[in-house]
Amino acid sequence: MAEVKKTKKPVKKAKTADPKASSIDFATQEMLARAQKLGVETVFDRAVTMKPCNIGNQGTCCKNCGMGPCRLPLPKDYEEASDERKGLCGATANTIAARNFLRMIAAGCAAHSDHGRSVAEVFMSAARKETDAYKIKDERKLRELAPHLGVATTVEVDGEILDRDKDEIALEVAEKALAEWGKAEGELSFLKRAPGPRYDIWTKQGVKPRNIDREIVDIMHRTHMGVDQDYKNLMKQGARAALADGWGGSMLATELQDILFGTPYPLVSEANLGVMKEDMVNIIIHGHEPVLSEVIVEVAQTKEMIDYAKEKGAKGIQLSGICCTANEILQRHGVPFAGTFLQQELAITTGACDAMVVDVQCVFQSLANVAKCFHTKLITTHPMARMEQENVVHVEFDEHYALEDAKKIVRMAIDNFQNRGTDVMIPKQKAPLVAGFSVESVEYHLGGTFRGSYYTLNDNIINGRIRGVAGVVGCNNARAKHNEAHIAVVKELIKNDVIVLTTGCNAIACAMEGLLTPESAKVFCGPGLSEVCETVGIPPVLSLGSCVDNSRILLAATEVVKAGGLGNDLSDLPAAGSAPEWMSEKAISIGQYFVSSGVYTVFGTVFPAAGAPVFQRHLFEDMEQMYGGKWDFENDPIKHAHKMIAHIDAKRKALGIDKARERVLMDMADRQAIEA
Ligand code: SF4
Ligand code: MSK
């Protein structure tokens, strides 16, 4: 018998990502290469080995019942008139895509609003004086907000009007705020903060949210198998729930956080992995809710903790942040950004992260696997966000024991400093930044306390120095080159004199690129915006905070309408929204509340309705008739920016201010030619 030759099966090496093709950021490229050298797998590598499902990402896969999933790919020779695609139950591509879209809105609204609820509960504990860790920091803002929730700030005693006690107001504000999630009748209180004509549109369209929780439950019911099967009716609820996010849960989160932790005012800091320090205890805070991280920041600065760190051989404690918790602790305390959503694994790959503390949203489960390769303590803190891996430590946050919890976490990080190996590599890259712009501080910088309004901003828009305003926000997406579209869109906008308001991971990306500095105006802006930034001393890209702080953009736009000269409603403004690299369901909720608030909003990467062209047309065209705002999609960042600019120019024309801009942009030769 012939001998059977055993052939060794070649071991297939897993494909890895090309660092240079994965990110425009050198620190990210460097750390990705290091991770690959050390055999540490990251999201960038997984994006190479796992391809997305085209049916799912175009919105036409339904798994809402046990007869599915029903997959409805868009035929190559698609023709609207002959589209007979349907699921087992007969659900059309439009119904399936609309239901999926709504469920994304429900998840996004739930995430933002539950964050808001946690803050409202802590606010209530502070108002009841049940905790020492939290106090009302911004009394002025408390008194300003109270009337919007129907809480009086004055009381009449013997014919004299007196200020009510701060604690009394805080308690009532807490009660009224918490009721917004589940009140039995009426509508959300903050809807009336919008300009009158906007409120009238919501009334006419029948999309005023009743209470926050109900709108989310409504979506889950309506999108259950066999309920709402009309994409237009489904999207009415989508608009209603998204408004419950923007003008409800998110706005409550922002406002109550400002009152509790302080309203942001501009401050300086730094961004990128280079903010970590080799000779210090590095604690990275990641997630979204600032209720615990606020206390960690406070505790990490105490002499007790700094001395303890020194005892353990470190020079001190370096805090930094990732994702929106980063935005929260940056805007109020100047704690630097370690990085964006896509850099979370890479921060641990430095070998210098002694503890990563996470709460909710945008936290990779793979962090536990990466942490296993290093000494990093990965600490989960939220009762609803735990990880199954054994190396993860859970310290459950309780606002009544917030100081104790924070001390325990900081000590754990310090104790872990001495377990750090010698193979540490912190990239050098970091960029300076100015952040901390709120509705109030923008008013101060661009309007002045004397005028007390957005007058100067409006004036500069009317005279054409500022062409318009863009809200550029949102995530990174591993299916796109990290930060490339963020930066290209923003640079194209400011080059064309459009001032940018940013939040979330776009804010971090812009910071890493140096765009959050006043100095960047001269380098990157058109002449009009550059002149305004130089005169006022602001960056051309204003960082307004975290994802829930997109509500600041709504309120800032409302202030612009109030200041006059630019129409009567948000949809009249020369303004547009954008999320060039979105990935989160929260982004869809944000996009929809921008659109329902009258804003033209462009998304990049992928659009989750592309497989149902009729439904997509409802979002891209019909919505403009209904709300004055609409969705759009463009993956090419330059075209993306120019779609926004074209919309801004159309609004300028409608307002009759297009000629003013032409005059501003005339150079000396043009003027001389006219004079001659
Ligand atoms: Fe298929 Fe209809 Fe069930 Fe969806 S609800 S999975 S389309 S049968
Ligand atoms: S963190 S939601 S990746 S912006 Fe708010 Fe960044 Fe998007 Fe998370």
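Student: Which residue in β12 does V268 stand opposite?
Tutor: This is a predicted model. Strand β5, residues 267–271, pairs with β12 in the antiparallel sense over 5 bridges. In β12, the residue opposite V268 is V434.

Student: Is strand β12 largely enclosed or largely open?
Tutor: Strand β12 covers residues 431–435. A residue is buried when its relative accessible area is under 20%. Since 4 of the 5 residues of β12 are buried, the rest of the structure leaves the strand largely enclosed.

Student: Which class supplies 8 residues to the shell around ligand 1?
Tutor: The residues around ligand 1 include C62, C65, C70 and C89, along with M67, L88, I96 and M225. Also among them are N64, G68, G87 and R99. Cys counts as nonpolar and Gly as polar. By class the shell has 3 polar residues and 1 charged residue, and the class with 8 is nonpolar.

Student: Which residues come nearest to ligand 2, and which elements give two or more residues to its shell?
Tutor: Around ligand 2 there are 13 residues, of which H288, C324, C362, C505 and C547 come nearest. The elements that give two or more residues to this shell are α13 (323–333) and α20 (504–512).

Student: Between which domains does ligand 2 lie?
Tutor: The shell around ligand 2 has 8 nonpolar, 4 polar and 1 charged residues. Residues of this shell come from two domains, 273–419 and 435–655, so the ligand lies between domain 3 and domain 4.

Student: Is C505 buried or exposed?
Tutor: C505 is placed in helix α20, and its C-alpha atom is separated by 9.2 Å from that of E581, 76 residues apart along the chain. The cut-off for burial is under 20% relative accessible area. Because its relative accessibility is 6%, C505 counts as buried.

Student: What separates the C-alpha atoms of N458 and P527?
Tutor: N458 is placed in helix α18, residues 455–462. At 1% relative accessibility, N458 counts as buried. N458 and P527 are 69 residues apart along the chain, and their C-alpha atoms are separated by 17 Å.

Student: Which residue with a positive phi follows α22?
Tutor: Helix α22 spans residues 527–536, and its buried residues include G528, L529, S530, V532 and C533. The residue that follows α22 has a positive phi, near 80°, and is G537.

Methods: Residues numbered from 1 in each chain as written. Chains lettered and ligands numbered in written order. Predicted model: local features only at pLDDT ≥ 70, side-chain atom pairs only at ≥ 80, totals over all residues. Heavy atoms only, no water. Buried < 20%, exposed > 50% of the residue type's maximum accessible area, 1.4 Å probe, protein only. Pairing = 2+ DSSP bridges. Near = heavy atom within 4 Å. Domains from an automatic or database assignment.
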